[in-house]
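Subject: Handover of a structure

Dear colleague,

Please find the structure below, together with its sequence.

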Amino acid sequence: MLKIQDLTDAVLQYHPDANVDVILDAYLYSAKAHRGQSRRSGEAYISHPMEVAHNLTRLKMDEQTVAAGLLHDTIEDTLATPEEIEELFGEEVYQLVDGVTKISQMEFSSREESQAENYRKMILAMAKDIRVVLIKLADRAHNLQTLGSLSEERQRRIARETLDIYAPIADRLGIGWVKTELENGAFQYLYPEEYLMIKEKVAKEQEQRREYVENVCGVISQELEEAEIPGTVAGRPKNFFSIHRKMIGQNISFEDVYDLIGVRLLTESVKDCYAALGLIHSLWKPIPGRFMDYIAMPKPNMYQSLHTTVIGPKGERVEVQIRTLEMHKVCEEGIAAHWQYKEGGSKRSKPMDNQLTWVRHLLEYQKDLKNPKEFLNAFKVNLFPHEVYVFTPDGDVYALPHGATPVDFAYAVHTDIGDHCTTAKVDGKIVPLKFKLRNGHRVEIMTSKQKHPSRDWLSFVKTSKARGRISNYINHQERDKCLSLGRELLEKELQEYGVSPASVLKGKGPEEAIHASGYTTLDSLLTGIGIGKVSVHHVVEKLVPKEKFEEKERKGESTRIRLKEKRPAKTRDSAIKVKCLNEDILLRVGKCCNAVPGDPILGYITRGRGITVHHIDCPSVSDMGNESERLVEVEWDTGKKTIYPTRISIVTDDKPGLLANISSVLAECDINIIRANVQQGANKRAYFDLSIEIEDLAQLNRTLEKVKGVDGVIHLERVKEYNKKTLRGARTGKSGGAMSSPEDIELLVN
């Protein structure tokens with residue numbers, strides 16, 4: 001077991017001027033607070049804070065951070081109070097302990113809203129003091145070592161959370177050894193069979209591989225010495241989880257993973273790195289496409305190294321990493337390698353500030369990304385290192401995510417360039433804006449002040465900055481549409497009462513109507529009218545002089561409006577949401593097409609009645625002509641379940657019992673039949689037209705597959721009701737959308 005002397009000696013070794021008294025005091029306080037407590041493994045609880053503090057010394061953290069590591073569980077798991085921690089150890093240590101406590105209390109559930117909120121807390125903690133997250137990573141690294149004493153369900157939950165959140169954070173902060181420990185520790189609990197298989201196969205050939213690596217290292221060392229290039233060479237163990245990830249990603253077997261053999265060469269200078277690279281390539285033939293220069297173009301987590309794969313002795317592939325000693329330090333310690341010790345405390349260095357740019361960007365864009373799914377995507381994209389390096393015409397380098405487009409590049413250069421980009425050139429050739437950029441591309445963006453972000457861009461952009469700016473612009477545009485429509489509706493209604501809209505809406509006149517409707521400004525009230533949340537009649541009643549209103553009432557001209565207002569309001573369809581508006585808007589599915597979850601859909605702002613949702617292929621949408629500005633983007637809310645009616649048409653052999661058999665299958669699929677129409681046709685065929693209730697398209701497809709298996713079923717399909725006949729019937733009031741005639745179906749089947 002670790003001793004407190006081990007911790008203080010370790011800190012003094014890399015920080016001779018450290019005040020280790022705060023570490024000693026923290027140890028005594030933590031030991032007293034956790035007295036009598038034990039871990040699930042049976043060890044005394046104090047062993048855990050000691051291991052966490054030890055991990056922090058491996059990161060060469062300051063004495064305040066090590067002390068906070070010793071105290072990190074006291075507020076949550078003992079009778080210690082925040083006030084006591086602050087009084088005894090000072091504001092800095094207290095803030096670190098408090099920050100770790102808040103992160104530890106997060107529950108990373110599968111619900112998007114909850115998950116997004118927890119990620120926001122994590123980002124705020126990282127932005128305020130990155131040491132909070134470093135303590136949590138040190139804590140998680142030790143927890144994984146003792147995971148075996150927990151239940152299988154908790155093992156899997158903690159392992160999944162580690163792979164999804166904490167290992168990527170360690171990677172994004174450039175802390176190589178923490179990332180490796182977290183990935184391998186979580187891997188063995190989340191995928192135990194795969195872990196054991198890889199472990200056994202690696203161990204089986206370990207001695208043979210060790211001899212081979214020693215031979216390769218010996219050859220390289222001898223050549224370096226003869227070329228007078230200073231450097232040391234050693235074997236590089238392969239991360240078990242990275243082997244698994246490569247097998248899954250490339251769909252290959254263990255035997256086909258060609259870079260299990262790896263060596264690392266450490267030199268003294270950048271010049272020596274490139275000299276060593278030339279030496280390696282002169283010894284063995286390099287594999288095309290397997291060379292990466294992360295020295296000239298460092299990863300965003302500050303990682304620098306030369307990577308190459310060569311055909312080594314006996315035809316084996318060998319992956320070689322070449323870097324300086326300083327680069328290796330940054331690779332292992334990441335952001336912690338740039339912690340500077342000053343008299344009177346510690347502070348962040350410029351490289352550390354540069355590396356935390358992505359955290360500040362997320363803090364900035366989270367204000368615009370209200371949609372939980374968008375925020376989660378932005379968070380995950382920013383967690384993983386960028387993979388594409390592209391150049392401006394002037395030679396400046398920009399790092400972008402894999403799959404990034406010219407629009408992402410434009411926003412990375414400057415927001416205004418992104419907002420107004422029209423076309424893009426890659427290596428001198430004009431390409432589509434959704435073109436996927438690759439390493440080394442030279443990108444040039446053309447702009448126009450008349451051009452603005454398009455909703456289509458959201459389907460292909462990758463960076464959170466681009467997505468946030470585009471969504472924000474569309475959000476404002478949609479609100480402007482609703483505001484304009486609301487103003488038009490109100491002014492038209494006021495004119496019906498013989499009142500001048502300009503005179504009524506000027507000054508303080510509308511204040512009563514605004515407050516009575518629950519709004520604070522005239523624009524917000526008009527927007528509410530435009531999206532159907534507020535009745536125009538209700539607002540007019542507050543604005544029009546009483547005598548004019550009563551006069552119109554007496555003439556009976558408002559009868560239609562009053563009757564309409566008395567009708568029960570339709571309930572909002574809880575399984576649909578508007579992408580760019582966060583209001584609680586009245587939504588309804590158009591009966592002309594009866595879209596169901598899973599169908600591609602589009603919303604249409606209906607005058608004073610909210611938004612009507614149509615199937616994207618519904619002729620009603622294409623018939624809107626010059627009213628296309630009322631179209632808004634909507635999506636199914638997959639987290640909510642609602643029942644939808646739909647129709648299916650079935651052709652069967654005409655024999656007894658088929659209706660009962662089909663009904664039985666539908667009942668097994670938990671499908672309710674709300675209408676059935678059966679006709680007997682020629683050629684001993686029967687035709688079924690059934691209206692059923694389903695939750696989504698996936699359930700419908702599963703049901704249709706099972707019905708197909710019923711003996712005697714010849715053909716079946718979902719009836720798409722958005723046809724000209726149906727629409728004409730709906731518009732003229734005649735019955736429409738009836739089942740096709742048996743003759744029509746017969747032609748279809750045959």
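This is a predicted model: local features need pLDDT of at least 70, side-chain atom pairs count only at pLDDT 80 or more; totals for chains, interfaces and linings use all residues.

On the α3 side the contact is made by His-48, Glu-51, Val-52, Asn-55 and Leu-56, and on the α8 side by Leu-134, Ile-135, Ala-138, Asp-139, Ala-141, His-142 and Asn-143. Sorted by class, the residues in the contact of α3 with α8 are six nonpolar, four polar and two charged.

A second pair is formed by helix α9 (residues 152-172) and helix α10 (residues 176-190), whose axes come within 9 Å and cross at roughly 160 degrees. This makes α9 roughly antiparallel to α10, because the angle is over 145 degrees. The crossing of α9 and α10 is left-handed. From α9, the residues in contact are Gln-155, Arg-156, Ala-159, Arg-160, Thr-162, Leu-163, Tyr-166, Ala-167, Ala-170 and Asp-171; from α10, they are Val-178, Lys-179, Leu-182, Glu-183, Ala-186, Tyr-189 and Leu-190. The contact of α9 with α10 has ten nonpolar, two polar and five charged residues.

The crossing of α1 and α2 is right-handed. Ile-4, Thr-8 and Val-11 of α1 meet Ile-23, Leu-24 and Tyr-27 of α2.

**Nonpolar cores**

In soluble globular proteins, nonpolar side chains tend to be buried together. Which residues touch the most other members of the largest nonpolar core? They are Leu-137 and Leu-182, within a core of 70 residues. Helix α8 (residues 130-145) gives the largest share of this core, nine residues. Apart from neighbours within four places in sequence, Leu-182 is in contact with Leu-137, Arg-140, Ala-141, Leu-144, Thr-162, Tyr-166, Ala-167 and Ala-170. Leu-182 also belongs to the α10 side of the contact with α9, and Ala-141 to the α8 side of the contact with α3.

There is a second, separate core of 55 residues, and its members include Val-504, Val-544, Leu-666 and Ile-694. Leu-666 also touches Val-707, whose contacts beyond four places in sequence are Ile-650, Ile-662, Val-665, Leu-666, Val-713 and Leu-716. Val-707 lies in helix α30 (residues 697-708) and is buried, with a relative accessible area of 0%. Between the C-alpha atoms of Val-707 and Ile-662 the distance is 6.4 Å, although the two residues are 45 apart in sequence.

**A covered helix**

How many of the eight residues of helix α19 (residues 406-413) are buried? Six of them are, and the helix is thus mostly covered. The buried residues of α19 are Pro-406, Val-407, Asp-408, Phe-409, Ala-410 and Tyr-411.

**Two loop residues with positive phi**

Most residues other than glycine have a negative phi. Glu-228 has a positive phi, near 60 degrees. The residue Glu-228 sits in the loop between α12 (206-226) and β1 (231-235) and is exposed, at a relative accessible area of 72%. Asp-427 likewise has a positive phi, near 55 degrees. Its place is the loop between β11 (421-426) and β12 (429-431). With a relative accessible area of 45%, Asp-427 counts as partly exposed.

**The protein as a whole**

The secondary structure comprises 32 helices and 23 strands. Of the 750 residues in the protein, 51% are buried. Taking contacts between residues at least 6 apart in sequence, 67% join residues at least 24 apart.

With kind regards

How values were computed:
Residues are numbered from 1 along each chain as its sequence is written. Side-chain values use heavy atoms; hydrogens and water are left out. Axes are lines fitted to C-alpha atoms, for helices over the stretch in contact, and angles run from 0 to 180 degrees between N-to-C directions. Helices (H or I, at least four residues) and strands (E, at least two) are DSSP runs, numbered from the N terminus. Angles under 35 degrees count as roughly parallel, over 145 as roughly antiparallel, 65 to 115 as roughly perpendicular and the rest as oblique. A crossing is left-handed if the near helix is turned anticlockwise from the far one by less than a right angle, and right-handed if clockwise. Contact means heavy atoms within 4.5 Å. Ala, Val, Leu, Ile, Met, Phe, Trp, Tyr, Cys and Pro count as nonpolar, Asp, Glu, Lys and Arg as charged, and the others, Gly among them, as polar. A nonpolar core is a set of buried Ala, Val, Leu, Ile, Met, Phe, Trp, Tyr and Cys residues joined through side-chain atoms within 4.5 Å. Buried means under 20% relative accessible area, exposed over 50%, partly exposed in between (1.4 Å probe, protein chains only).
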